[in-house]
2 protein chains.
Amino acid sequence: MTSIALIEAAAARLAGHVRRTPLLSSPLLDALAGRRVLVKAECLQHTGSFKFRGAWSAVSALDPALRAKGVIAFSSGNHAQGVALAARRHGVPAVIVMPADAPAPKIANTRAHGAEVVLYDRAGGEEREAIGARLAAERGLTLIRPYDEPQVIAGQGSCGLEIAAQAAEAGVTAADVLVCCGGGGLTAGIALALEARAPGLRARPAEPAGFDDTARSLAAGRPVRNAAASGSICDAILTPEPGRITFPVLQRLCGPGLVVTDDEALRAMALAVLHLKIVLEPGGAVALAAALFRPGAIAGDAVIAVASGGNVEPAILAEALGRHGRAGSEAPSEAPSEAPVG
Amino acid sequence: MTSIALIEAAAARLAGHVRRTPLLSSPLLDALAGRRVLVKAECLQHTGSFKFRGAWSAVSALDPALRAKGVIAFSSGNHAQGVALAARRHGVPAVIVMPADAPAPKIANTRAHGAEVVLYDRAGGEEREAIGARLAAERGLTLIRPYDEPQVIAGQGSCGLEIAAQAAEAGVTAADVLVCCGGGGLTAGIALALEARAPGLRARPAEPAGFDDTARSLAAGRPVRNAAASGSICDAILTPEPGRITFPVLQRLCGPGLVVTDDEALRAMALAVLHLKIVLEPGGAVALAAALFRPGAIAGDAVIAVASGGNVEPAILAEALGRHGRAGSEAPSEAPSEAPVG
């Protein structure tokens with residue numbers, strides 16, 4: 001089980017290898033949300049998402065002889081890139097098992113970070129676990145799970161340690177910390193770190209509409225599944241149900257979940273471009289969307305939103321800008337009036 | 001004249017008010033450039049550009065009684081926003097004189113940062129200096145010049161102090177530091193800071209084709225003007241000629257200038273989105289473009305590029321993504337080959 005001691009140990013292994021990402025803000029976003037909005041920009045992390053933290057933590061925790069044989073992961077997204085780069089920087093092989101119909105840029109990026117990509121035919125009914133198990137057995141590879149793995153959760157918790165310190169530097173000691181939530185590894189890690197280091201800060205999961213299994217599970221007091229497996233642009237955080245290890249942590253420590261629409265995620269992406277100058281993917285923007293567009297569901301004069309990833313398809317970012325990219329439309333109303341002359 | 005002592009004093013006044021922006025990198029950009037590329041992300045600075053540093057430095061250096069009467073600036077761009085927010089956070093009025101045909105978002109943003117915007121009719125032949133002089137005299141406002149002002153240069157120099165420290169942390173002690181250059185305030189400030197704190201680092205101006213007055217002036221050994229006043233998308237850095245105060249500093253300390261096309265600036269913007277997850281405006285991307293696309297003009301195994309601003313029109317960012325946003329096309333060629341199974 002992940003403890004604050006495991007998180008602190010992971011943070012020590014991560015030091016010098018993982019970026020301390022900035023806590024950004026803009027008076028224009030504050031005016032829009034009606035309170036201070038502090039944005040933890042994990043999109044600026046190596047490989048473009050927080051996943052590198054957990055991957056580094058897990059790879060660095062392995063016994064060196066075992067690690068030398070290599071690691072394996074199943075992922076078509078951010079976890080794939082995180083594991084690939086963490087393995088490369090440890091000088092060990094990484095095999096990433098991806099569906100053959102995964103977007104070409106994700107396959108290319110994973111390869112560019114040094115991994116061997118093994119494609120399987122999703123439509124043909126191939127069992128990716130069987131492929132992975134065979135490869136792992138043949139080569140002695142260690143499986144790095146995306147969230148139900150204590151050392152991965154501990155690595156994500158290092159983000160929570162940074163939030164605790166940065167919020168204190170910003171003078172914020174009591175606030176909700178909204179976290180984009182798929183399997184719950186980042187949310188659980190942050191919740192555990194905040195429990196120990198910033199008890200006035202409370203983690204809350206943020207999810208896309210229709211894929212709010214965690215919010216509904218927290219409300220129901222037991223894990224419940226999503227009705228659909230796909231159908232949101234927030235692909236990075238679509239999981240069928242809360243994690244087996246992560247959910248009990250969330251149940252003990254988190255506040256109620258927040259849910260936003262895909263269009264609100266796009267609008268948050270456009271506002272992040274306009275006012276923070278960072279690039280978010282839809283699944284990495286749902287926490288900021290909740291901070292901006294669910295003010296009534298949040299208490300206090302400040303809120304912290306974790307912007308968890310930025311690996312967006314350029315066409316989707318362009319769509320967000322096209323729909324919601326008019327600067328100035330959110331200008332606060334207290335701006336002084338103009339006095340033209342001449 | 002700006003000295004290292006003036007820069008250090010400015011940095012002390014800036015502490016806690018100005019962000020220490022991160023020095024970002026991506027192995028995919030390194031592979032593209034053929035050397036390490038470190039990107040100083042000043043687009044993440046308050047108001048979206050380095051201009052807030054110089055504005056804060058100048059406003060904070062004023063005699064308090066004088067400062068209380070307010071400040072004035074001529075700008076339709078990043079300097080306007082920097083001065084507006086620096087004044088607001090000092091609790092003093094700011095008047096920004098802008099052409100009436102400036103882009104609406106820039107006017108709105110400047111107002112949103114608390115400034116009084118005074119519009120003048122550029123087509124009608126109004127003399128903005130006359131308007132400004134009258135307002136300054138009537139209200140006792142102090143003019144904050146955009147670059148030919150020692151305290152502004154000192155504030156921009158704080159960026160150079162950070163680069164010196166961050167490059168050392170990254171193990172880089174000898175490299176060119178490419179700086180997007182308009183009037184030369186940022187380039188001069190950084191050059192002075194590097195001279196004192198990181199003598200192995202050398203500042204070099206980067207400019208858009210057709211507006212390379214600084215590169216040509218350095219080559220000629222005397223200030224020369226641009227032929228045109230407009231005609232590049234790099235609006236933030238189009239100045240008619242090098243600054244009166246800044247140019248002698250550049251002449252003494254800088255290496256040769258680098259020049260890139262508008263399309264290369266757009267391509268650098270797209271690559272910054274894909275691989276660094278930051279938003280750049282064209283004028284803030286020319287240094288990165290030079291780092292990536294002029295490898296033969298740069299020596300050494302590392303280069304530092306200052307990404308000086310991110311206040312881009314959404315439509316221009318969308319155009320950059322449309323033209324150059326295919327991820328994976330720049331993947332390094334040494335990526336291992338795939339082994340499909342099943």
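Visitor: Which residue stands opposite B:Asp176 in strand 8 of chain B?
Guide: In strand 8 of chain B, the residue opposite B:Asp176 is B:Arg202.

Visitor: What kind of model is this?
Guide: Residues are numbered from 1 along each chain as its sequence is written, while chains are lettered from A and ligands numbered from 1 in the order in which they are written. Local features need pLDDT of at least 70, side-chain atom pairs count only at pLDDT 80 or more, and totals for chains, interfaces and linings use all residues, the model being predicted.

Visitor: How many bridges join strand 7 of chain B to strand 8 of chain B?
Guide: Strands (E, at least two residues) and helices (H or I, at least four) are DSSP runs numbered from the N terminus. Two strands pair if DSSP finds at least two bridges between them. Strand 7 (residues 175-180) of chain B and strand 8 of chain B run parallel, and the bridges that join them number six.

Visitor: How many of the residues of strand 8 of chain B are buried?
Guide: A residue is buried if 20 or more other C-beta atoms, placed from the backbone, lie within 10 Å of its own, exposed if 12 or fewer do, and partly exposed in between. B:Leu201, B:Ala203, B:Pro205 and B:Glu207 point one way, B:Arg202, B:Arg204, B:Ala206 and B:Pro208 point the other way, and all are buried. Strand 8 of chain B is thus mostly covered, and its buried residues are eight of eight.

Visitor: Which strands stand at the edges of the open sheet of chain B?
Guide: Four strands form this sheet with parallel pairing, in the order 5-4-3-6. Each edge strand has a single partner strand, so one side of each is left without a neighbour in the sheet. The edge strands of chain B are strand 5 (116-120) and strand 6 (142-143).

Visitor: Which residue is the bridge partner of B:Val71?
Guide: Strand 3 (residues 71-74) and strand 4 (residues 94-99) of chain B run parallel and are joined by four bridges. In strand 4 of chain B, the partner of B:Val71 is B:Ala94.

Visitor: What angle does helix 7 of chain B make with strand 3 of chain B?
Guide: Axes are lines fitted to C-alpha atoms, for helices over the stretch in contact, and angles run from 0 to 180 degrees between N-to-C directions; contact between two residues requires C-beta atoms, placed from the backbone, within 7 Å. Helix 7 (residues 128-139) of chain B packs on the sheet and touches strand 3, strand 4, strand 5 and strand 6 of chain B. Its direction and that of strand 3 of chain B make an angle of about 180 degrees.

Visitor: How many other C-beta atoms lie within 10 Å of that of B:Lys277?
Guide: B:Lys277 is not a glycine, yet has a positive phi of about 65 degrees. B:Lys277 is found in the loop between helix 12 (262-276) and helix 13 (282-293) of chain B. B:Lys277 is buried, and the number of other C-beta atoms within 10 Å is 29.

Visitor: Within what arc do the buried residues of helix 11 of chain B fall?
Guide: The buried residues of helix 11 (residues 246-253) of chain B are B:Thr246, B:Phe247, B:Val249 and B:Leu250. Seen down the axis, they line one face of the helix. The arc, that of the directions from the helix axis to the C-beta atoms, is 160 degrees.

Visitor: At what angle do helix 12 and helix 14 of chain B cross?
Guide: The axes of helix 12 and helix 14 (residues 314-324) of chain B come within 8 Å. Angles under 35 degrees count as roughly parallel, over 145 as roughly antiparallel, 65 to 115 as roughly perpendicular and the rest as oblique. The two helices are therefore roughly perpendicular to each other, the crossing angle being roughly 85 degrees.

Visitor: What is the radius of gyration of chain A?
Guide: The secondary structure of chain A comes to 14 helices and 10 strands. The globule rule, 2.2 Å times the number of residues to the power 0.38, gives 20 Å for 342 residues, so chain A is as compact as a globular protein of that length. Taken over C-alpha atoms, the radius of gyration of chain A is 20 Å.
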